[in-house]
Structures are given as C-alpha cells and as structure tokens.
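Please work through the exercises below with the sequence and the model in view. Each task is followed by a solution that goes step by step.

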Amino acid sequence: MTESGKCCVCDAALETVDHLFSECRFSHRIFQEIGEWCGTQLPKVNCIRWWVRLRERSASRKKLLGTILATCVYDLWHTRNVAMKEHYVAIPDLVIKCIKNDVIWRVDNIDCKCDNMNFTGWIERLRMGRTG
C-alpha cells in the first residue's frame with residue numbers, strides 16, 4: 001500500500017483487494033478488453049463465483065478461461081507492484097498486450113491441447129485478436 005493509502009494504479013480510491021480487482025478504472029478496462037478479446041465477460045466483482053460458474057463449460061474452455069483470469073490477476077498485481085515501487089504505471093494497452101501474449105504462450109506451450117474443432121477455432125480467433 002502507498003503511504004497515502006490510495007491505489008497506486010489509479011490514485012482515485014483507497015487501495016484494497018476489492019478495489020484493485022473490481023472497482024479500479026484501470027482494472028475495469030483490462031477486464032473489459034480481455035473479456036471482449038476472448039468473447040466472454042470477465043468478472044468485475046466476485047472472481048470466485050465466476051470461477052465456479054466455469055464448471056458449466058467444456059473442460060478445455062474452462063481451463064483456458066481460468067488461465068485468462070489468472071493471467072489478468074497476475075499481471076494486474078504485477079502492474080500494481082511496479083507502480084508502488086517504481087512510481088510508474090504502465091498504460092492499459094501495454095498490460096492488455098502482455099496478457100494476450102502470456103495467454104497465447106500458455107495455450108501453445110502448456111495448457112489447452114484439444115482436438116475439438118469448435119474449441120480449436122476459438123483459440124485461432126484469439127490468436128488473430130478476434131472472437132465470434
């Protein structure tokens with residue numbers, strides 16, 4: 001936390017976990033744009049409840065959406081830590097690009113190997129930057 005107690009990412013409210021991951025305008029933009037990129041609405045308020053709802057999806061899609069959410073949370077926390085220590089906040093577009101690159105790398109190297117044509121098509125659309 002900063003000396004003032006304000007969010008070091010947006011400087012608009014007191015820094016809390018709830019603020020950073022659900023109320024902060026910086027985080028809101030990240031979740032909104034990544035949600036549009038992957039064709040779903042990422043959580044703004046309760047990540048746990050959203051994660052539980054993933055059980056309704058196919059195993060491969062559930063794994064990828066979990067990867068996307070975890071990557072968003074990690075990169076937002078990293079952005080917050082850099083802002084706190086270096087007094088520098090990355091522009092949202094840079095954080096969004098990092099999240100997309102991290103997710104695609106994970107798909108290619110670790111997660112989400114699948115022969116399902118619908119799922120494979122969805123991953124290809126993510127690589128191209130669009131869904132549908």
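**Exercise 1.** How many salt bridges does a search of the whole structure find?

*Solution.* The model is a predicted one, in which local features need pLDDT of at least 70 and side-chain atom pairs count only at pLDDT 80 or more, while totals for chains, interfaces and linings use all residues. Residues are numbered from 1 along each chain as its sequence is written, and side-chain values use heavy atoms, with hydrogens and water left out. With a salt bridge taken as a side-chain nitrogen of Lys or Arg within 4 Å of a carboxyl oxygen of Asp or Glu, the search of the whole structure gives three.

**Exercise 2.** Find the partner of Glu15, and decide whether the two residues are buried or exposed.

*Solution.* Glu15 pairs with Arg80, their closest N and O atoms lying 2.9 Å apart. This pair links distant parts of the chain, since Glu15 sits in the segment before α1 (17-23) and Arg80 in helix α4 (residues 59-86), 65 residues apart. Both Glu15 and Arg80 are buried (under 20% relative accessible area; exposed is over 50%, and partly exposed lies in between, with a 1.4 Å probe and protein chains only).

How values were computed: Helices (H or I, at least four residues) and strands (E, at least two) are DSSP runs, numbered from the N terminus.
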